[in-house]
Amino acid sequence: MTQRLLILILLLHIGIGCTNVKVALSDSEKRLEYTEKSKSAYLKTEEGKIYTLRISLINSADAYLGTPYKYASTDPKKGFDCSGLVYTVAKQNQIELPRSSSLMAGAAPHIPWKKATTGDLVFFGDHGRIHHVGWVEKNSGDELHVIHSTNQLGVISENVLLS
């Protein structure tokens, strides 16, 4: 007999003498099947649909990394300005946004940047004027990774707290 079978027999023997002892055998295929069913059920909920949309937005933005900067453009072949990138990615995901970063900021509910999460927009400005926008890729509170189009490097992903 294998060592595992001996342990099982021992546990079963102990379990017969003690009514409060239970034995559970793991079945990785059943566990995987349960996990897949749970994931599928979650993705059908409202929270799951939002999660899926957020990931889709970032995946879409990520596909444009390295695209050059082009003022006032929404054409990936020519390049993007910051709002052009955001506008194009949103449109690919069936979200209609205004075309400029300042109009986007005016149309969006505002939250503190520390509460921003994957797929949210982050706006930059000074003196009460918005002049830049990007997609939040991830936010740990100490790092805020954003996918955005810069006039010097084009579409990049960076921790904007280091800039």
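Predicted model: local features only at pLDDT ≥ 70, side-chain atom pairs only at ≥ 80, totals over all residues.

The protein has 163 residues, and 29% of them count as buried. Five helices and six strands make up its elements.

**Overall layout**

- Starting at the N terminus, you'll pass the elements in the order α-α-α-β-β-α-α-β-β-β-β.
- Take the contacts between residues at least 6 apart in sequence: 39% of these join residues at least 24 apart.

**An aromatic pair to look for**

- Searching the whole structure turns up two aromatic pairs.
- In the pair formed by Tyr 64 and Phe 80, the ring centres sit 5.0 Å apart and the planes meet at 80°, so this pair is edge-to-face.
- The two partners are 16 residues apart, and the pair links distant parts of the chain: Tyr 64 belongs to the loop between helix H3 (46-62) and strand E1 (74-75), while Phe 80 is in strand E2 (residues 79-80).

**The largest pocket**

- The largest pocket holds about 640 Å³ of space.
- It is lined by 28 residues, and the closest to its centre are Pro 109, Asp 120, Leu 121, Val 122 and Phe 123.
- H3, helix H5 (101-107), strand E3 (121-126) and strand E4 (129-139) each bring at least two residues to the lining of this pocket.
- What kinds of residues make up the lining of the largest pocket? There are 24 nonpolar residues, along with two polar and two charged ones.

**The second largest pocket**

- About 300 Å³ of space is found in the second largest pocket.
- Its lining counts 16 residues, with Tyr 71, Asp 81, Cys 82, Ser 101 and His 131 lying nearest the centre.
- Helix H4 (82-92), E4 and strand E5 (144-150) each give at least two residues to this lining.
- Which element supplies the largest share of the lining here? That's E4, with four residues.
- By class, the lining of the second largest pocket splits into five nonpolar, eight polar and three charged residues.

How values were computed: Residues numbered from 1 in each chain as written. Heavy atoms only, no water. Buried < 20%, exposed > 50% of the residue type's maximum accessible area, 1.4 Å probe, protein only. Contact = heavy atoms within 4.5 Å. Phe/Tyr/Trp six-rings, centres within 6.5 Å; stacked < 30°, edge-to-face > 60°. 1 Å grid on protein atoms, 1.4 Å probe; cavity = no way out; pocket = protein on both sides within 12 Å on 5 of 7 lines; lining within 4 Å. Points joined across faces, edges and corners; volume = space filled by probe spheres on them. Nonpolar A, V, L, I, M, F, W, Y, C, P; charged D, E, K, R; others polar.
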